Amino acid sequence: MTMAIDDTKFFAWLDGELDGAEATEVAAAVAADPRLARMAEQHRGFGTRLRETFDTVAAAPVPERLRDAVKPAGAEIIDFGSRRARRIWAPLPQWAAIAAALVVGILAGPTLIGDRGSSAVELRGGAMVAAAKLDGALDHQLASAGEVGGVRIGVTFRDPAGAVCRSFTDQRSSGLACRDGEDWRLKGLFAAPAGQAGDYRMAAGADPNLAALIDATIAGDAFDAAQEKAARDRGWR
Amino acid sequence: MTPPQSATAQPFEDELTALLPRLRRFAHGLSRSPADADDLTQMTIERALRARAQWQPGTRLDSWLYTIMRNQWIDTVRSRGRRDKVEAPPEEAETLGHDPRPGIEAAFDLQRVMAAMEQLPDEQREIVALILIEGFGYREAAELLGLPIGTVSSRLVRGRTALLRLLGE
C-alpha cells in the first residue's frame, strides 16, 4: 500500500479516533487520492456489514441455559464460600496480615521466611512480596515438578481482575501469591500443620484457611497442567 | 414464581442478564462456532457469579464482564481450540445451517465470518472483536486488554486488513 499517511493513522481516522489537525490532514489526503478514497469506502462498508452480521447474535433470544445460569440459586452457594473466606481473611487490615506472616515466620523457623538473610518474603511499598527462592519457584516451577528446593507449587488460577495467582507450600508453611507487575504479592501465608509432607497436588488441601482464601480469590477453574505451562510461557500475564 | 432474593443480589443479576446479548455477541467474535461461543458465555457467567464480591458497584459491569470473558477464552477455549484444531473442521461443516433458532437466514453469513475470524491470530481477533464488532474505542480496548494503545491500533490494522481479504471483499 502506497500512501502519504501511514495506515494506522488512516484507520484511526476512519474509526473516528483522530480529531483536530490530524483528522483534517487525513481527510485531505483521502480526498486527494482516489485509491485512499476507495479504501475508505471499502472498509467503511466492511465494518458496517461485520457489525450487522454479529448484531444478529445480540438480537437473537438468549438461550435458556444461559439465562438459567444467572439464577441466584447457584450464586448463593458460591457466595457462601466468599463470605466464609472474607470472615477469615479479608477484614484484616494490612498490619494484621503482616503480623500474621511474622507469626508464621516464627512458627515456620528457617524455611520460607528468614532463611539466613535471604528471606523468601519481603515488604515492598507496604505489601508483602515473594523474594529469593519463593519468588523463583513461583516464576518458574510447575506443579508437576513436585518439591524443588523445599518449595512445592499447588494450584494456579486467575483472580477476577485477571491476575494469575499460585498457591505454594514448603514443609512448614503454605500461602497464596498473585502476580502484581513483576512481583508476586502475598495474599496470605499460613503455618502448615506439623508432619504434613505428603504428595498432594492441591496445596490448599492441607490448610482450611488457605482453601478458603483460594475459594475467595479464584475466578473460574484452576489451570490444568497445559494452561499452567502456557501461563508461565506468557510470563504470567 | 422466583423465590425472594436479598435486595443487594438483585441488581447484579439483573444487569448481568441485560448484558447477556452483548456478551454472546463478543463470544461469537472470539469463538470458532456458535456452540463454543455459548459455552464461553456460560463459563463467563459462572466465573462472574463466583467473583461477584470483587465487582465494585458503580464501576462498569460490562467492561468487567468482557475482561472475564477474554481471560476465560485465553485460559480454556483457546487452548482447547489449539489441541483439536486438526479434527474439528469436518464436524463444524456438518453443523452448518442447522441452527433452529430465529435468525437462521443470517446464520450462514455469521458462520462464514466466524470461520474467517478463526484464521486471524488470537491477538488480532480479540481486538477486531472489541473495536469493530463491540464498538469499543481504541483507548477502552487498550485498557481492557492491558496493552499500549499503539499495539492495539497496529494489530487492528493487520487484523481488519486480513479479515477483509479472507472474506473476499
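Student: Why is A:Ala163 called partly exposed rather than buried or exposed?

Tutor: A:Ala163 has 19 other C-beta atoms within 10 Å; because a residue is buried at 20 or more such atoms, exposed at 12 or fewer and partly exposed in between, with C-beta atoms placed from the backbone, A:Ala163 is partly exposed. This is a predicted model, in which local features need pLDDT of at least 70 and side-chain atom pairs count only at pLDDT 80 or more, while totals for chains, interfaces and linings use all residues. Residues are numbered from 1 along each chain as its sequence is written, and chains are lettered from A and ligands numbered from 1 in the order in which they are written.

Student: What makes A:Arg185 partly exposed?

Tutor: Its count is 18 other C-beta atoms within 10 Å, so by the in-between criterion A:Arg185 is partly exposed.

Student: Which residues does A:Ala163 touch, beyond those up to four places away in sequence?

Tutor: They are A:Arg158, A:Cys178, A:Arg179 and A:Asp180, where contact requires C-beta atoms, placed from the backbone, within 7 Å. Setting aside neighbours within four places, A:Arg185 has contacts that include A:Cys178 and A:Asp180.

Student: How many residues does each chain bring to the contact between them, and how does the side of chain B divide?

Tutor: Chain B gives 49 residues and chain A gives 40. The chain B side comprises 20 nonpolar (Ala, Val, Leu, Ile, Met, Phe, Trp, Tyr, Cys, Pro), 14 charged (Asp, Glu, Lys, Arg) and 15 polar residues (the others, Gly among them).

How values were computed: Two residues are in contact if their C-beta atoms, placed from the backbone, lie within 7 Å.
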